[in-house]
Amino acid sequence: MGDRIEPQIPLGEAVRIMRERKGLSFTTVASRGGISARWIEDVEAGKSNPTWSHLRRLVLGLRVELTELMALVELAESRNSESSSRRPARP
């Protein structure tokens, strides 16, 4: 039960990209979604993983469809896996 879930770095990247594309501040997204601006910062930094209810609030705050955000997550995941496969193996 003490297992910790790995941070969802691609999700944080996608949230940041979407927020910046729309020209939104942390406080604007937070206000629209009824969530904390600090929490959004933590998600973007990979320090916090959203629950389903928080993810729904986040897309409300961003005013995007969940599918749109998830498409960006998939792009970030593929970018991250490509860059990690190009790294030389450690001895």
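In which helix do arginine 38 and glutamate 41 lie, and how many residues apart are they?

Mentor: The model is a predicted one, in which local features need pLDDT of at least 70 and side-chain atom pairs count only at pLDDT 80 or more, whereas totals for chains, interfaces and linings use all residues. Residues are numbered from 1 along each chain as its sequence is written, and side-chain values use heavy atoms, with hydrogens and water left out.

Arginine 38 and glutamate 41 both belong to helix H3, where 3 residues, or about one turn of the helix, separate them. Helices here are DSSP runs of H or I with at least four residues, numbered from the N terminus. The two side chains form a salt bridge, with an N to O distance of 3.9 Å; the term denotes a side-chain nitrogen of Lys or Arg within 4 Å of a carboxyl oxygen of Asp or Glu. In general, side chains of opposite charge can pair when their charged atoms come close.

Arginine 38 also forms a salt bridge with aspartate 42, at 3.5 Å from N to O. Because arginine 38 and aspartate 42 are 4 residues apart in helix H3, about one helical turn lies between them. Buried means under 20% relative accessible area, exposed means over 50%, and partly exposed lies in between (1.4 Å probe, protein chains only).

The whole structure contains 5 salt bridges. One of them joins the side chains of glutamate 44 and arginine 19, with 2.7 Å from N to O. This pair connects distant parts of the chain, since glutamate 44 is in helix H3 (residues 37–44) and arginine 19 is in helix H1 (residues 9–21), 25 residues apart. Glutamate 44 and arginine 19 are both buried.

Helices H1 and H3 also pack against each other, at an angle of about 120 degrees and with axes 7 Å apart. The axes are lines fitted to C-alpha atoms, for helices over the stretch in contact, and the angles run from 0 to 180 degrees between N-to-C directions. H1 is therefore oblique to H3, because angles under 35 degrees count as roughly parallel, over 145 as roughly antiparallel, 65 to 115 as roughly perpendicular and the rest as oblique. On the H1 side, Gly12, Glu13, Val15, Arg16 and Arg19 meet Ile40, Val43 and Glu44 of H3.

Glutamate 13, in helix H1, is buried at a relative accessible area of 19%. Apart from neighbours within four places in sequence, glutamate 13 is in contact (heavy atoms within 4.5 Å) with Glu44, Ala76, Arg79 and Asn80.

Helix H3 has a further partner in helix H2 (residues 26–33): the two axes come within 8 Å and cross at roughly 115 degrees. That angle makes H2 roughly perpendicular to H3. Phe26, Thr27, Val29 and Ala30 of H2 make this contact with Ala37, Ile40, Glu41 and Glu44 of H3.

Alanine 37, in helix H3, is buried, with a relative accessible area of 19%. The C-alpha atoms of alanine 37 and phenylalanine 26 are separated by 5.0 Å, although the residues are 11 apart along the chain. Not counting residues up to four places away in sequence, alanine 37 touches Phe26, Thr27 and Ala30.

Note on methods
Helices (H or I, at least four residues) and strands (E, at least two) are DSSP runs, numbered from the N terminus.
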